[in-house]
Each structure stands twice: as structure tokens, then as C-alpha cells.
Amino acid sequence: MKHLYRTASLGVALALFTALTPALAGSTATVGGLVNKGLVGVGRIPAAQRDKFGETFGSGSGMAIDTSGWTRDAGGYKGSLWLLPDRGYNVVGTTDYRPRLNTIGIEFVPVAPGAAPAAGQEQTGVKATLADTMLLTDDKGADATGLDPLNGVRAASGGMPILPEANGKLALDNEAIVRLPDGTMFISDEYGPNIYRFSADGHLSSATQPPAALVPMRHGAPNFASDNPGPGAAEPDPKDPDTGRQNNQGLEGMAMTPDGKFLIAVLQSAPRQDGGDSPATRQNTRALVYDASDLGHLKLAHEYVVPLPVFKDAKGKTKVAAQSEIVALSDKTFLMLARDSGNGQGLKGDTSLVRQILVVDVSAATDIAGGAFDAADKPLAPKGVLDPSVTPAKLTPFIDINDKGELGRFGLHNGAPNDKNNLSEKWEAMSVVSVLDPKLPDDYFLFVANDNDFLAQDGFQVGAPYKAEDGADVDTMFLVYQVTLPGLAKK
């Protein structure tokens, strides 16, 4: 797995795909040559955890495993991973939370696929320990902030595009991370929605702005507000952008292809002009594929429409699941985590209808990069209806996170009772690492983590204590699946 950035694509294996559709059809054990062997480990970081700055820990918006340091011995596996939190506790509005990156030590003892853990050991297979926390700063080394940028726009300068700004600081709502072998990293955000490159010690070095169709516009000008004003601040006018990404629906998923040649970023749901103004029509989101040959200057190489899963909620209303993270298998295929909203431990709604990992195949999709649809005034899916000239990507279900039997083996469930063992709402992070078994050269552990939204009963951030509403006390959790991904580790 440490050769992930220079491996060959999965084109041969994934060419076996038959007719893939965006419809949800339950969990699928095998997709072409890909196999889901099931849940093999669970672990937690308590909601009460605080980082080295004394602030309440919240992570799982993005994750990257240190594959080079991953080891196996008779006692199990050891290594570390990076967990990216988003903009801080913001139930009543955003705060001046300093963006940061957490380093987590991992000790992992998996159970055999299909087996049950020993009694009392259901959720101890993954021991996750907070090892360090690093602040992320702007290009001048100054603090950044999680505050909603409202009307703040930093002028383009020094090779940087216009950037979101709040109280004179770079405003970041971080969502996904790609850690490169040299320690530098790409981080995607919601506000821009931009892709940022940071040095190994957390300093911003470059920024990439998406096509104009994704940049939020109000009154004919870029406006990065997300309608989450900080204390005493007014809501943006209008509340929602006219075009571009919807509020809080930015570049939620991002991954590097195994050969290191392309960086893929996916918008959480459709832009406003493409039906993103409604939970029922936001289906046609976009995958941006950047040429990463020059890490400091990403170039858009390809762009595809990805049709998000459609489902009926408990009241029979049509809804569209949002995508929360991706793992690239090649420049044509990636795993995508999609989920519903408003249900899970810590919320009033208890039962999720969609938490699923799908395979996305863009090999037959229309490449719209650099075309008319990249402009804000040319919708590709007005009111959610895709332009007939565009063929979208194809999807197939791979892993059903809500699978009752799989969760039950580890003392977890989806739905009532809405207790600590009910999965929380926001599962937003994924990363893969080898099982290091010569008999299973194509097998990997797929780590999936939730974003606990800093929901704690003894919380502390930005100099003040807080208590999440309705008794919410949500742990950061890890689910680990064993999967077969043919070709990923071959040169």
C-alpha cells in the first residue's frame, strides 16, 4: 500500500461492470472484481476528548492513513492516520475556531470477516489515541478561522485567487484531506469551494478555485457566505447563492488516484443552478479531475456529472442523498460515501435511510471540462433535469453501512433506541490501507469515520464552555471493513 501513488488503475477489473445505475438496491457484496468482506473492527474516541489546545476534539470530516508507517505483527496492526475536523462547534453560529489537523495513533486487532468479537470486546478492536494537533495557517503564517466569511473576500494576489475571509482572516471549512508522501497535503473546503495545498507544517502554499459554475455568487459577485453567521452578524443577502455551490455543500470529497497523476474532488450536491436549491432535485453533482503533475498548479483535466442516490424519506417524499467522501481507485473509478441527513445518535431523528458506499464509474460519462456548463449562466440540469447532451457517471452499491446484521455483531444499530450505539448522522471520512497479507495481496482495510460535529456535554472551544443541545454527546467513531480491490497495489 505504500506504493499507492504509483500503482496501475483498476480499469481491467472494473471493465467487468454490467449496467450500473444510481438507484439504491441494498448492499452488494461483489462489484466486478471488488469484494466487500464485511465489518471487521470498531473503535471510538470519546466526545469528552480535548486536543493539546484544550479545546473539544471533533474529527472525521476527512481522513488519510499513513500507509508508509502501517505495520503488522502477531498482535495485530499499528500505525497512524490524520483526521481533519471542520469549522468547529457551530450549532448557534460559527465561531473563531482555528482550523487544525489531528494525528491519531492506531492499534488494530481485526476479527475475521463474518465472525463476532468476544463478549465485551465488540467496540475495542480499534484503539485510537490522539497523538498531536497542528494548526493550519494562511500563506503568511497567520491564523485562519472557521467563521462564516459573510461578505468577506480577500483580493487575489501572489498567485492566489480570491479567497474567503472573515475578520481579516482566511476562512476555512475543511472537509477532505490528501496527504502526499513528502508530508504536504491537499485540503478541500466548503466556503470557496476551493482546494488548498499546505506545507507539512501547516502553512498554505497554493489555492485552486473551481470552475465559475461552482463559485457561489450573490448580486453578480462572488460571495462565500454559508448562512451560518457568527455572534452578532447578520445573515447574507440573499440567504442562498444565486448560482454556484449551495450553502454548506462544497467540495466534501477528495482523493488522489493511486498513480498520483490526478486529484479528484466532488461537490457534495448539485450547484444551485443545477437543482441544488432543493433536497429533491440536487442529484446531479460534479466530479472535478485535476492534473496533479505540478502540485502547486493544479489544472482541470476532466469533469463529470455524478448522479447522487435518490430515495423516499419516512413521509414518502423524494430526497437526494449527499456525498460525503471518496476514495479513488483510478482516474475513472472511485468509491463514494453517500448519506441522508437529520438522523442518528445526537439528533431527534433516530433512523437513517441511506448510509452507503458506492462505486462510481465515469468511463462512459460525458467530459464537460472547459465547456459551456462550466459557466454560471449555462445550467446543465435546470430544476434537476439533466441536459440530454450529457451522459452521467454510473453507480453501483458496494457497502451498506446501515446493514443490521453487520452492525449487530459489534453491538451497534441504526435507529431506536437512540443511544450511544446508534450510529451518528455524519459519516464523512474514508481511507484504505493494506491488510499486509501475502496470501491476500488485493485485500485492504477500508476505514470509515464520522464527523461528530463537536457534540459534547462538557465542551470547550474558543475560550468558552458549551453543552450540546438535547444531551447530545457524540463520540468520534471508526468502522473498518475488509475489502478486495484488485490491481490497487500492482505497479
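These notebook entries record what I looked up in a predicted model.

**Cavity.** I searched the whole structure and found one cavity of 30 Å³ or more. I noted a volume of about 60 Å³ for the largest cavity. I then listed its lining, which includes Gln345, Leu347, Lys426, Asp453 and Val474. By residue class, I recorded three nonpolar, three polar and four charged residues in this lining.

**Gln461.** I located Gln461 in strand S29, which spans residues 459-461. Setting aside neighbours within four places in sequence, I found Gln461 in contact with Glu55, Thr56, Gly88, Tyr89, Tyr97, Phe454 and Tyr466.

**Aromatic pairs.** My count of aromatic pairs came to nine. I recorded both Tyr77 and Phe108 as buried.

I next looked up Tyr89 and Tyr466, a stacked pair with 3.8 Å from centre to centre and 15° between the planes. I placed Tyr89 in the loop between S5 and S6 and Tyr466 in strand S30 (residues 464-466); the two are 377 residues apart. Tyr89 and Tyr466 are both buried.

I also found one aromatic cluster formed by Trp70, Tyr77, Phe108, Phe445 and Phe447.

**Charges over rings.** I found Arg98 over the face of Phe53, at 5.2 Å from the ring centre. Arg179 lies over the face of Trp82, at 4.2 Å from the ring centre.

Conventions. Residues are numbered from 1 along each chain as its sequence is written. This is a predicted model: local features need pLDDT of at least 70, side-chain atom pairs count only at pLDDT 80 or more; totals for chains, interfaces and linings use all residues. Side-chain values use heavy atoms; hydrogens and water are left out. On a 1 Å grid over the protein atoms alone, a cavity is a set of points where a 1.4 Å probe fits but cannot get out, and a pocket is an open set with protein on both sides within 12 Å along at least five of seven lines; lining residues have an atom within 4 Å of a point. Grid points are joined across faces, edges and corners, and a volume is the space filled by probe spheres set on the points. Ala, Val, Leu, Ile, Met, Phe, Trp, Tyr, Cys and Pro count as nonpolar, Asp, Glu, Lys and Arg as charged, and the others, Gly among them, as polar. Helices (H or I, at least four residues) and strands (E, at least two) are DSSP runs, numbered from the N terminus. Contact means heavy atoms within 4.5 Å. Rings of Phe, Tyr and Trp (its six-membered ring) pair if their centres lie within 6.5 Å; planes under 30 degrees apart count as stacked, over 60 as edge-to-face and the rest as tilted. Buried means under 20% relative accessible area, exposed over 50%, partly exposed in between (1.4 Å probe, protein chains only). A charge sits over a ring if NZ of Lys or CZ of Arg is within 6 Å of the ring centre and within 35 degrees of the ring normal.
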